[in-house]
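Please keep the sequence and the structure open while reading.

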Amino acid sequence: MTTVDSPVGSPAVGDTAQALRRLYFVRFAFALVWAGALFATGGQLGPLGIALIVLYPLFDVAAAVVDVRASRATQLPYGLYLNIAISLAAAIGMAFAGPSGVPAVLLVWGAWAVIAGLVQLAVGISRLKMGGQWSMILSGGISVFAGSGFALGSGAPDASLTNVAGYAVLGGIFFLISALRLRRTSQER
């Protein structure tokens, strides 16, 4: 991701930080509601479970589109475009994997988490000067490790999606922390 020459404290950076704060609060709330709904399925795949596993990456696509629009004044959002493509591919992969069962879903989810985590790391690093990004960097790193765990655990005889719900909650908490940390930057406009 390439940054545009916008100094910290400039109106563009403050506006971007404000938009990202709102987006991160929405992402936090969505993650909690989504995880609760997935947990209610008992970690198994029925029609609701399949809908939920497809919905999560589609929501990530929508959030990345909002992020692109908010970030254009301060950076060239190449990493976000990549995230949109990866998450759209993940949603399609989940739709195909869902009927095959939990192990197939965990394999696709794991691959998505690893790749998306690497992109999140890159985006977070590119936004370090804005502030509030250490939690996003940490979240990206954890996503890489968690995704590897999902993929490796997909062959377990008792494979379940309940760990995916926990992963979503943890990711939501990182978005909340980042939103709170961006408060100062958003007020400097």
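## Trp112 and its contacts

Trp112 is in contact with Tyr56, Pro57, Asp60, Ile86, Ser87, Ala90, Met94 and Gly117, once its neighbours within four places in sequence are set aside. Contact means heavy atoms within 4.5 Å.

This is a predicted model: local features need pLDDT of at least 70, side-chain atom pairs count only at pLDDT 80 or more, and totals for chains, interfaces and linings use all residues. Residues are numbered from 1 along each chain as its sequence is written, and side-chain values use heavy atoms, with hydrogens and water left out.

## Overall layout

The protein has seven helices and two strands. Along the sequence they follow the pattern β-α-α-β-α-α-α-α-α. Helices (H or I, at least four residues) and strands (E, at least two) are DSSP runs, numbered from the N terminus.

Of the 189 residues, 50% count as buried. Buried means under 20% relative accessible area, exposed means over 50%, and partly exposed lies in between (1.4 Å probe, protein chains only). The accessible surface comes to about 8,800 Å², and 69% of it belongs to carbon and sulfur atoms. Accessible areas come from the Shrake-Rupley method with a 1.4 Å probe; for residues, only the protein chains shown count as cover. Among contacts with a separation of 6 or more, 79% are between residues 24 or more positions apart.

## Nonpolar cores

Which residues touch the most other members of the largest nonpolar core? They are Trp34, Trp109, Trp112, Leu161 and Val164, out of 34 residues in that core. At least two residues each come from helix H1 (11–40), H2, H3, helix H4 (102–126) and helix H6 (162–181). H4 supplies the largest share, nine residues. A second, separate core has 10 residues, including Leu20, Leu23, Met136 and Phe175. A nonpolar core is a set of buried Ala, Val, Leu, Ile, Met, Phe, Trp, Tyr and Cys residues joined through side-chain atoms within 4.5 Å. In soluble globular proteins, nonpolar side chains tend to be buried together.

Val105 sits in helix H4. Val105 counts as buried because its relative accessible area is 1%. Beyond residues up to four places away in sequence, Val105 touches Leu45, Ile53, Met94, Ala97, Gly98 and Leu161. The C-alpha atoms of Val105 and Val54 are separated by 10.0 Å, and the two residues are 51 apart along the chain.

How many salt bridges does a search of the whole structure find? The search finds one. Asp60 pairs with Arg27, and their closest N and O atoms are 2.3 Å apart. Asp60 lies in helix H2 and Arg27 in helix H1, so the pair ties together parts that are 33 residues apart in sequence. Both Asp60 and Arg27 are buried. A salt bridge is a side-chain nitrogen of Lys or Arg within 4 Å of a carboxyl oxygen of Asp or Glu. Side chains of opposite charge can pair when their charged atoms come close.

## Two buried serines

Ser154 is in the loop between helix H5 (134–153) and H6. Ser154 is buried, with a relative accessible area of 9%. A polar atom of the Ser154 side chain lies 2.8 Å from the backbone oxygen of Ala151. Setting aside neighbours within four places in sequence, Ser154 is in contact with Pro103, Leu106, Leu107 and Ala159.

Ser139 lies in helix H5. Ser139 is also buried, at a relative accessible area of 7%. With neighbours within four places in sequence left aside, the contacts of Ser139 are Gln120, Gly171 and Phe174.

Leu55, Leu58, Leu88, Ile92 and Phe96 make a nonpolar surface patch of about 490 Å². Helix H2 (47–71) and helix H3 (78–97) are the elements that give two or more residues to the patch. H3 gives the most, with three residues. Patches are made of residues with over 30% relative accessible area and no salt bridge: like charges are joined within 9 Å, nonpolar side chains (Val, Leu, Ile, Met, Phe, Trp, Tyr) within 5 Å.

Leu55 lies in helix H2. At 38% relative accessibility, Leu55 counts as partly exposed. Ala122, in helix H4, is likewise partly exposed, at 41% relative accessibility. Ala122 and Leu80 are 9.8 Å apart, C-alpha to C-alpha, and 42 residues apart in sequence.

Technical notes. A polar contact is a pair of N or O atoms within 3.5 Å; within protein, one must be able to donate a hydrogen and the other to accept it, and residues adjacent in sequence count only if both atoms are side-chain atoms.
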